[in-house]
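Student: Could you take me through one part of this structure closely, namely the strands that follow one another as hairpins, and explain the terms as you go?

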Amino acid sequence: YNKSARKKEIKLKKILLLLIIPLLFSCTFSDENSTQHEKESHPTLILQNAKCVIGQNGENPIEVEGTKIEFYSDDNIAMISKLSFKQKDENGNVSIEGKADYCKMNTYSKTMNLDGNVSLVQSAQNMEIKADSIYFDLNGEEISADGFVIVKSEKGDFSGHGFHGDLKEETYSFESIEEGTIKL
C-alpha cells in the first residue's frame with residue numbers, strides 16, 4: 001500500500017463528500033411578505049371515459065361525459081377533458097347541451113369555464129353559440145365570452161366579440177359585432 005494510492009483514496013472521499021453534502025440540505029426562498037404556502041391539490045377521484053350526473057335534490061342535474069374527469073372535492077371542482085354535457089328541463093326534455101375540449105366546473109355553484117371548440121345549443125330558442133372560450137352559469141342561465149363568438153338562431157345569425165347572454169330573459173349583447181343578419 002503506497003503513499004500515492006492513499007492520497008488518491010483521501011481525495012476521492014473528499015470529492016464524494018462534497019457531492020453528497022448538497023443533497024443533504026435543501027434551500028427555500030420566499031418573499032418576506034409571504035406568510036403562507038399554497039398546498040398542493042390532488043384529485044379526490046379520477047374517472048376515465050366516464051359519464052356522471054352532477055346535481056342536488058330539487059334542481060335539474062347536469063349529465064356530463066368526458067374522456068377524463070378529475071374531482072377535487074375539497075374545492076368543489078371538476079376538471080373535465082373532451083367534455084359533452086346536457087341538462088334537461090322539468091319535463092325531461094333537453095334544454096341545453098354543449099361540448100368543449102376542456103372544462104373547469106364548480107360543482108357547488110354550477111358554473112363552467114369551457115375552453116377549446118366550445119359549442120352550446122339551447123333547444124327552446126333553437127340557438128347555437130360557438131366560441132373558443134365561454135363562461136357558463138347553469139343556475140343563472142347566463143353565458144359570457146370575451147373572444148370571438150358566433151351565435152346562430154331562428155331570429156338571426158351574428159358574429160362578434162364580447163358576448164353576454166341571459167337565456168332566461170332572452171337578452172343578448174355583443175361589445176362589437178362583425179357581421180349579423182336578422183330574420184323577420
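Tutor: Strands here are DSSP runs of E with at least two residues, numbered from the N terminus, and two strands pair if DSSP finds at least two bridges between them. This is a predicted model, in which local features need pLDDT of at least 70, side-chain atom pairs count only at pLDDT 80 or more, and totals for chains, interfaces and linings use all residues. Residues are numbered from 1 along each chain as its sequence is written, and side-chain values use heavy atoms, with hydrogens and water left out.

Strand 7 (residues 142–153) runs antiparallel to strand 6 (residues 127–137), and seven bridges join the two. Asp 137 has Glu 142 of strand 7 as its bridge partner, and between these strands, which form a hairpin, lie four residues, with Glu 141 in the turn showing a positive phi of about 55°.

On to the next pairing: strand 7 is also joined to strand 8 (residues 156–166), again antiparallel, by ten bridges. Here Val 151 is partnered by Phe 158 of strand 8, and the hairpin that strand 7 and strand 8 form has two residues between them.
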